[in-house]
Amino acid sequence: MNYFPWLTIVVLFPIFAGSLIFFLPHRGNKVIRWYTLCICIIELLLTTYAFGYDFQLDDPLIQLTEDYKWIDFFDFSWRFGIDGISIGPILLTGFITTLATLAARPITRECRLFHFLMLAMYSGQIGPFSSQDLLLFFIMWELELIPVYLLLSMWGGKKRLYSATKFILYTAGSSAFLLMGILGICLSGSNEPTLNFETSANQSYPIVLEMLFYIGFFIAFAVKSPIIPLHTWLPDTHGEAHYSTCMLLAGILLKMGAYGLVRINMELLPHAHSLFSPWLMIVGTIQIIYAASTSPGQRNLKKRIAYSSVSHMGFIIIGLGSISDTGLNGAILQIISHGFIGAALFFLAGTSYDRIRLVYLDEMGGMAITIPKIFTNFSILSMASLALPGMSGFVAELIVFFGILTSPKYLLMTKILITFVMAIGMILTPIYSLSMLRQMFYGYKLFNAPNYYFVDSGPRELFVSISILLPVIAIGIYPDFVFSLSVDKVEALLFNYFYP
C-alpha cells in the first residue's frame, strides 16, 4: 500500500478548488481566469510529480493504490490505483485541460460558472481513468456529463439546446447500460457481491452471461467513443460547442470510451472479447471508411473535423480487436495521439471562427494571406491528422497495421482483406483534410471582400498551438515515450487473459 493518497488528491483537488471560484472577490474576469489556470497547472505538476516519483514503469500491477471502505453493506470502497494503461490518458487530461482553460480567454459571460465547470470536468475525467471500483467508475463517469451539458447549452452556437439535449439523451441512455452491466458483474460473481476490479477480473462467468455483459458495456462505451451507428451526437455537439469545450470533448471524452473498452471489456470479460473481436475488426473498418467518406460532405468546419475524429477512433477499435501485443499498444498510442491532434484542430478551427465569424467552408477562402500563423499551424496539424510520417498519427496507425498482421487469431486472408480496406480509409483521409485546407485558406473569396482585415494569432494562441504540436512531433519521432508506459501492462493483460 502506498500511504500518501496521491490519487485522491489529484481527483478531488480541481473540483474543490473550483468551488472556491464563487467566493472570489468581484474584480472582473481576470482574477477568475488566472485562478483557474493556476489550479490546472498545480494539478498537472502534482500529477506529474506523483507519477514520476512513485510509479515504477516495469511493474505491470496496479500502483499508487488506495482503498478506503465507503459503504460496508456491499463492498463499496473509495478505491483508486493506476497502471501503464491509465497513466497516459491521465497526463493527457491534465495537459489538454490546462490548454483548454488558456484557450477559453474570450469567454466573458458567466465567467465564474464556466471556469468552475471546466474544473469539475477535470475531476470527472481523471476519475474513471484511476478508479479501481466498478461503482466508483460509474459515479465518476456520470459526474462528467453535467458539466458538458451545461457548457454546451450555455456557451454553444445557435442550435446549442438541440445538441445539448441530444448529447445528454445519448450519454445518459448509454449510462443505463453501463450501470446494468456493473450490477450484473457485481451480483453474479462469487458468493458475496463484489465491485473490486481485481477480484472481478479473476472471476469466470457462464459464457452467455458474459456475452450479455459484454454487449451492455460495449453499447455504453460505443456511445462515448463514438462507434458507428451510435456516433450521431458527436458532429452536432462539436458543431455547436465553444472550442475550449470541443478540445475537452475531442481530446479526453472520446478517450474515456476507448479506455473503458480496454479496462472493462478486455480485462473483465476476456472470453466474450475473443468471441466478439472479429466483429470489432469489421465495425472498425466500416467506421474508418464511413466517417472518412462522410466528412467531405460536411459544410460546417467543426463537423468535418468531428467526422475525422470518428474515423480515427476506428483504428483504436481495430487495435483492440486484433488481440495482439502490437495492436493493443498501437491502440493506446492512437488514444494519446488523437487526443493531441483532435484538440489542436478544434482549437484552430475556433480561433479562425473568432476572426471571421463564418462556420461554413464554402463561405471561406483566401485566409492564408492575412493570417499566416494560423494557416501554418492548421496545415501542420492537418498533416498530422492525415498520418504524415514523423507525426504521432503515423506511428500509431502503422503499429495498428502491424498489430493486425502479427495477430495469431486471424487467418492470413482475413488480415490482408482488413488491411486493404483500412488502407482505402487512409487514402480518403487526405482528401477531406486537404480539401478543408483548400476551401479555408486558398483562393480569393474573402480576400476581395470589403473591410477585410484580421488580426493574426497572438502569443496566447501561438503558445497553445505549439504546446500541442510539440508532443505530436515528439511522439512521432520517439514513440517509446508512450510505449514505455504501457508495454509491460499490455503484455501482462494478454498473457493472463488471452494466451494462458
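Buried residues make up 61% of the 500 residues in this protein. Buried means under 20% relative accessible area, exposed means over 50%, and partly exposed is in between, with a 1.4 Å probe and protein chains only. A word on the source: this is a predicted model, where local features need pLDDT of at least 70 and side-chain atom pairs count only at pLDDT 80 or more, while totals for chains, interfaces and linings use all residues. Residues are numbered from 1 along each chain as its sequence is written, and side-chain values use heavy atoms, leaving out hydrogens and water.

Now the overall build. The protein has 19 helices and two strands; these are DSSP runs numbered from the N terminus, with helices being H or I of at least four residues and strands E of at least two. Its radius of gyration is 22 Å, close to the 23 Å that the globule rule gives for 500 residues, so the protein is as compact as a globular protein of that length. That radius is taken over C-alpha atoms, and the rule is 2.2 Å times the number of residues to the power 0.38. Along the principal axes, the C-alpha atoms fill a box of roughly 75 × 65 × 40 Å. Take contacts between residues at least 6 apart in sequence: 81% of them join residues at least 24 apart. Contact here means heavy atoms within 4.5 Å.

Next, the inside. The largest nonpolar core has 154 residues. Such a core is a set of buried Ala, Val, Leu, Ile, Met, Phe, Trp, Tyr and Cys residues joined through side-chain atoms within 4.5 Å. Phe378 is one of the residues with the most contacts inside it. Leaving aside neighbours within four places in sequence, Phe378 is in contact with residues including Leu301, Leu345, Met440 and Phe441. Another core lies apart from the largest one, with 10 residues, among them Met281 and Phe315.

On to charges. How many salt bridges does a search of the whole structure find? It finds 10. The criterion is a side-chain nitrogen of Lys or Arg within 4 Å of a carboxyl oxygen of Asp or Glu.

Start with Arg79 and Asp133, whose closest N and O atoms are 2.8 Å apart in their salt bridge. Arg79 lies in strand β2 and Asp133 in the loop between α4 and α5, so the pair ties together parts that are 54 residues apart in sequence. Arg79 and Asp133 are both buried.

Then Lys224 and Glu144, a salt bridge at 3.8 Å, N to O. Lys224 sits in helix α9 and Glu144 in the loop between α5 and α6, 80 residues apart. Lys224 counts as buried, at 1% relative accessibility. Beyond residues up to four places away, Lys224 also touches Trp141, Trp233 and Met256, among others.

Third, Arg263 and Glu267: their closest N and O atoms are 2.3 Å apart. Shared partners join Asp83, Arg263, Glu267 and Lys489 into one salt-bridge network. Arg263 is buried at 1% relative accessibility, and Glu267 is buried at 8%.

Last, cysteines. The whole structure has zero disulfides, a disulfide being a pair of cysteine sulfur atoms within 2.5 Å. For Cys38, the nearest cysteine sulfur is that of Cys40, 9.3 Å away. Cys38 is partly exposed at 39% relative accessible area, whereas Cys40 is buried at 0%.
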